[in-house]
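Hello,

Here is the structure we spoke about. Please open it and keep it beside you as you read.

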Amino acid sequence: MRALHETARKTLDPVRYDYVAGGAGEERVLADNERAFDRYALLPRVLRGSGTRDTSAALPGAPRTAPVLVAPTAFHRLVHRDGERATARAAAAEGAVLVTGTAATTAVRDVVAAAREAAPDPAVWFQLYPHPRREVTAALVRRAEDAGCTALVVTVDSPVFGRHTRDLRNGFTDLPPGYAAENMRGLPGTGPDALTDIPMSPAARWPDLTETLRGTSLPVLLKGVLHPDDARLAVEHGAAGVIVSNHGGRQCDAVPAALDCLPAVAGAVAGRVPVLLDGGVRRGSDVAVALALGAAAAGVGRPVVWGLAAEGETGVRRVLAALREEYDHTLALCGGRRNADLTADMVVRKGGTW
Ligand SMILES: Cc1cc2nc3c(=O)[nH]c(=O)nc-3n(C[C@H](O)[C@H](O)[C@H](O)COP(=O)(O)O)c2cc1C
Ligand SMILES: O=C(O)C(=O)c1ccccc1
């Protein structure tokens, strides 16, 4: 995986590399997301006879899936000509949920079609940036439903755009000519060619979520929840899942590492809906730590984009396969047969006693 990142760094236009790699502010949160995993160690159990293992997870709209999912990342065509189609085929072939987004450079129906080329019944979720105009939001949801998406992911950590320091320095503030946010094409009052066609919704409140939930039969997960009270509110409003995420350090540069928010959110949700996590997941053992701390699955953002940039569909497959194999191996070494065998007592803070 390091090699794929290195290849991507060498081959990508530096401004595009920075768009993917970068974070907000001084990139403190970006760095902390990965470091947070290094502060934990796994405490294996022995003599538990884990001869065969089943690492599948049950998620909304994905009853049997890998515990690693592809987090939504914008504009895949910026890094590889095959764009989101390649990512979709790879995720489907590896049995992982793909979260495709509002800001994709391939229309959601074409993303789902590509996933279906690789597997008979792939799980593709649609990440929604709620639009300030409710009829545009409704039209986006409709497109996702018609395409065959099996869940919606509403991103709630972005009432305003993040200030991506590298992009501001590089003057990379819009889509280059020839690229389009295809999901916005033809929606009332929007075009697909500019970043302003994907406006954030600074006025959004909990009743707007209720309206989104009423307008769809799909399960809805909330992405970008860090406060345990918000996790409780999400469940009370009918969310089907909560994704603990700080947007890969691209929004507020003063929040905790995503992993450090997970235990309190999992405690607040108390098993009522699945809790997912993304941010800084780089190895199979990171997945194991996240699951032991209460996550049902872990998302990966940048590693997938590096795989795509370096080797297209093959590169994304290599990233997902490596994570799955490492996770399975770690589970075996910890004496587990199923994901649920990784319990909170099997994860400890490094450097302490227990
Ligand atoms: C280049 C890039 C684009 C992203 N675009 C979106 C997006 O459109 N919607 C969204 O909800 N999250 C977006 N994210 C955040 C990811 O979904 C995810 O939270 C984050 O990348 C996870 O951290 P990781 O990159 O350390 O794995 C983006 C992240 C990156 C790096
Ligand atoms: O770059 C991002 O992190 C992101 O979330 C985004 C939001 C809107 C348009 C493009 C990307």
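Below is what was found, one region at a time.

This is a predicted model, in which local features need pLDDT of at least 70, side-chain atom pairs count only at pLDDT 80 or more, and totals for chains, interfaces and linings use all residues. Residues are numbered from 1 along each chain as its sequence is written, while chains are lettered from A and ligands numbered from 1 in the order in which they are written.

Start with the ligands. Around ligand 1 there are 22 residues. Ala 71, Thr 155, Gly 248, Gly 301 and Arg 302 come nearest. A residue is near a molecule if its C-beta atom, placed from the backbone, lies within 6 Å of it. That shell has seven nonpolar, 11 polar and four charged residues. Here Ala, Val, Leu, Ile, Met, Phe, Trp, Tyr, Cys and Pro count as nonpolar, Asp, Glu, Lys and Arg as charged, and the others, Gly among them, as polar.

Ligand 2 is surrounded by Ala 74, Ala 103, Leu 195, Ile 198, His 247 and Arg 250. Four of these are nonpolar, one is polar and one is charged.

Now look at Arg 250. It sits in the loop between β9 (241–244) and α10. Helices (H or I, at least four residues) and strands (E, at least two) are DSSP runs, numbered from the N terminus. Is Arg 250 buried or exposed? Arg 250 counts as buried because it has 23 C-beta neighbours inside 10 Å. The cut-offs are 20 or more other C-beta atoms within 10 Å for buried, 12 or fewer for exposed, and in between for partly exposed, with C-beta atoms placed from the backbone. Leaving aside neighbours within four places in sequence, Arg 250 is in contact (C-beta atoms, placed from the backbone, within 7 Å) with Gly 23, Ala 24, Gly 162 and His 164.

Last, a helix pair. Helix α4 (residues 83–93) and helix α12 (residues 302–333) pack at about 15 degrees, with axes 8 Å apart. Axes are lines fitted to C-alpha atoms, for helices over the stretch in contact, and angles run from 0 to 180 degrees between N-to-C directions. The two helices are therefore roughly parallel (under 35 degrees; over 145 is roughly antiparallel, 65 to 115 roughly perpendicular, the rest oblique). Residues that meet include Ala 86 and Arg 89 in α4, and Leu 308 and Glu 313 in α12. By class, this contact has eight nonpolar, two polar and three charged residues.

Best wishes

Methods. Two residues are in contact if their C-beta atoms, placed from the backbone, lie within 7 Å.
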